[in-house]
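Colleague: I would like a close look at one part of this model. Please take the sheet and whatever surrounds it, and keep the account connected.

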Amino acid sequence: MPDTVMNNNETIDPIALSVIWNGLLSIAEEVGSTLRCTAYSEAVREAQDFSTGIFDRQARLIAQGNFSPGHLGSMPYVVQSALDYHPPESLKPGDGILVNDSLLGSGHFPDCFLITPAFLDGEIIGYIVNIAHQVDVGGAAPGSQKVLGVTESFQEGLRILPVKIVRDGDFDPDMLRLILGNIRVPDKVRGDFRAQLSANTTGAERYAEFFKTYGAAQLERAFDAILDRSEDRIREVLRGVPNGTYSFEDHMDDYGADTPPIKIAVDVIVEEDQITVDYSRSSEQVPAAINSYINYTRAYTLFAVKVFLDPMLPQNAGGIRPIITSAKEGSFFNPAFPAPSGGRAALQIRMFDAINGAFAKVLPEKAMGAFSHWCNPNLGGLDDATGQPFVVYDLIFAGYGGRAHCDGVEALSPVMNCANIPVEVQETQNPIHIHCFEMIEDSAGAGQYRGGCGVRKDVEMLNSSTTLSLLSDRHKYQPYGVFGGEPGQLAETILNPDGNAEPLGSKEMRELKQGDVVSYRLAGAGGYGDPKDRDPQAVRDDVADGYISAKAAAETYGVDVE
């Protein structure tokens with residue numbers, strides 16, 4: 001890369017460019033920290049299910065906070081859609097645009113984007129954007145992510161096309177009243193909306209100060225340089241990957257009882273300095289709320305490709321130019337509106353795993369065993385103690401797949417940058433009691449480098465009645481291993497494990513009563529390499545740590561630890 005960049009016959013000093021770039025990242029991160037620290041819900045405050053971005057006056061994505069790829073990869077398309085409805089000349093200082101539409105947004109209604117124009121001397125200089133997953137936006141079940149029995153998006157909750165909800169720096173009270181009147185937990189959503197506004201207001205102020213410090217002319221040259229360098233770097237790496245088509249197939253369990261599996265098929269096509277990821281051989285869209293609208297498909301495609309080509313490269317409008325996402329209209333990864341999609345979060349890991357499987361054929365040192373799937377159950381009802389609706393939003397994460405030089409890490413969010421929600425927070429705010437949250441022995445896919453363990457979380461209902469919307473997977477198809485590594489143990493969900501131990505489907509809807517216990521047991525992740533090549537001391541350490549049993553050590557790895 002050159003030390004300087006020429007644009008409009010002027011030179012960008014490399015030190016100034018570095019300072020400007022880090023200043024942009026600082027603003028994006030401050031927007032995120034403001035949102036997290038002022039949010040009301042566990043989803044935003046604890047699980048960190050939100051993201052932030054900065055766009056220039058041309059609505060080009062310049063920088064993002066280090067948050068969720070599903071949100072971040074969707075942002076460029078969300079902002080453009082919002083400005084199609086509200087052109088820049090129609091915006092004033094203190095305005096804000098809200099959108100949650102599945103097709104225009106990031107794939108399901110709970111994700112609410114707030115777009116705030118930043119002004120200096122009466123002129124728009126850019127846009128500050130954040131998105132927060134709201135714990136409820138109405139619809140057929142608490143949490144607005146019901147999969148079964150939902151056949152069109154109109155059943156999934158309140159759909160918000162781009163609306164100018166913020167004027168003169170505050171929410172339009174009538175519009176806010178309309179939204180809050182259609183959801184189950186208005187206090188939490190109102191608080192998170194306020195946090196989103198506060199975060200964007202802070203970001204817009206910092207961005208204006210940034211322009212005052214460095215000047216519009218220098219910053220716009222720097223933005224061009226940042227985007228061009230990002231594009232050049234991706235194309236440079238692509239030229240080092242052999243041309244060809246690399247394919248992989250996997251399956252999701254189903255989209256409900258007695259339904260066929262959903263085929264996930266990718267063809268990764270490398271042609272010189274351009275790459276196309278084509279999902280056209282995948283299943284057609286399904287009559288359940290688990291389809292992936294094209295923006296969401298793009299988002300995780302961009303993320304996965306970037307991870308394999310240059311994971312440290314900033315994701316911005318330049319870096320995504322050489323990456324094309326293709327899926328035929330009406331298919332599972334590009335459904336036609338009004339296809340339902342509330343449970344589309346279950347797909348993020350599976351898109352990454354499919355692309356990982358394809359890249360394993362050409363970049364084996366960067367590939368890994370498949371992730372454990374994750375679990376995103378929602379519980380809700382009327383609280384016996386207060387008479388008010390409650391929603392328990394949960395995220396449960398298990399292990400990473402084994403990699404070329406190390407084991408998969410344990411209980412960490414894959415491809416999402418969120419977090420397991422602390423037990424104490426959930427029990428304090430909701431009528432539930434959590435019996436255990438622990439790793440599952442012998443669940444990890446064996447290998448020279450083993451996958452991460454599955455995790456078990458048992459949750460007891462303290463309310464007289466509670467609705468469960470289960471969003472999980474890998475109950476039927478194991479997370480695959482690579483290069484001789486073994487697959488991880490299947491996931492399962494058990495109702496009342498100490499009673500009749502009834503197995504539940506991975507997309508189950510169930511009415512629960514007081515005393516019922518749901519045991520979520522996530523799959524183990526896939527291994528990398530032949531288990532017989534594993535360091536015997538690593539096997540002994542795993543037995544000591546409770547990751548594998550002495551029996552498995554002997555039978556799978558040939559190591560006697562007795």
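How many bridges join strand β8 to β9, and do the two run parallel or antiparallel?

Modeller: The model is a predicted one. Strand β8, residues 163-167, is joined to β9 by 2 bridges, and the two strands run antiparallel. Within this pair, V166 stands opposite F171 of β9.

The pair belongs to an open sheet of 7 strands. Their order is β4-β3-β7-β6-β5-β8-β9, with antiparallel pairing. β9, at residues 170-171, is an edge strand that pairs on one side only. The other edge strand is β4, residues 61-64, which likewise pairs on one side only.

At the β4 end of the order, a helix comes into the picture. Helix α1, residues 14-38, lies across β3 (50-56), β4 and β7 (123-133). The angle at which α1 runs to β3 is about 145°. S26 counts as partly exposed because its relative accessible area is 44%, which falls between the 20% limit for buried and the 50% limit for exposed. The C-alpha atom of S26 is separated by 9.6 Å from that of Q64, although the two residues are 38 apart along the chain.

The largest share comes from α8, with 4 residues. Sorted by class, the lining of the largest pocket holds 25 nonpolar, 7 polar and 4 charged residues.

The second largest pocket can be described in the same terms. The space in it is about 250 Å³. Its lining consists of 14 residues, with V185, D187, K188, Q388 and P389 nearest the centre. At least two lining residues come from α6 (186-214), and at least two from β15 (389-393). By class, the lining of the second largest pocket has 6 nonpolar, 4 polar and 4 charged residues.

To return to the sheet, its edges are β4 and β9.

Note on methods: Residues are numbered from 1 along each chain as its sequence is written. This is a predicted model: local features need pLDDT of at least 70, side-chain atom pairs count only at pLDDT 80 or more; totals for chains, interfaces and linings use all residues. Side-chain values use heavy atoms; hydrogens and water are left out. Two strands pair if DSSP finds at least two bridges between them. Contact means heavy atoms within 4.5 Å. Axes are lines fitted to C-alpha atoms, for helices over the stretch in contact, and angles run from 0 to 180 degrees between N-to-C directions. Ala, Val, Leu, Ile, Met, Phe, Trp, Tyr, Cys and Pro count as nonpolar, Asp, Glu, Lys and Arg as charged, and the others, Gly among them, as polar. On a 1 Å grid over the protein atoms alone, a cavity is a set of points where a 1.4 Å probe fits but cannot get out, and a pocket is an open set with protein on both sides within 12 Å along at least five of seven lines; lining residues have an atom within 4 Å of a point. Grid points are joined across faces, edges and corners, and a volume is the space filled by probe spheres set on the points. Buried means under 20% relative accessible area, exposed over 50%, partly exposed in between (1.4 Å probe, protein chains only).
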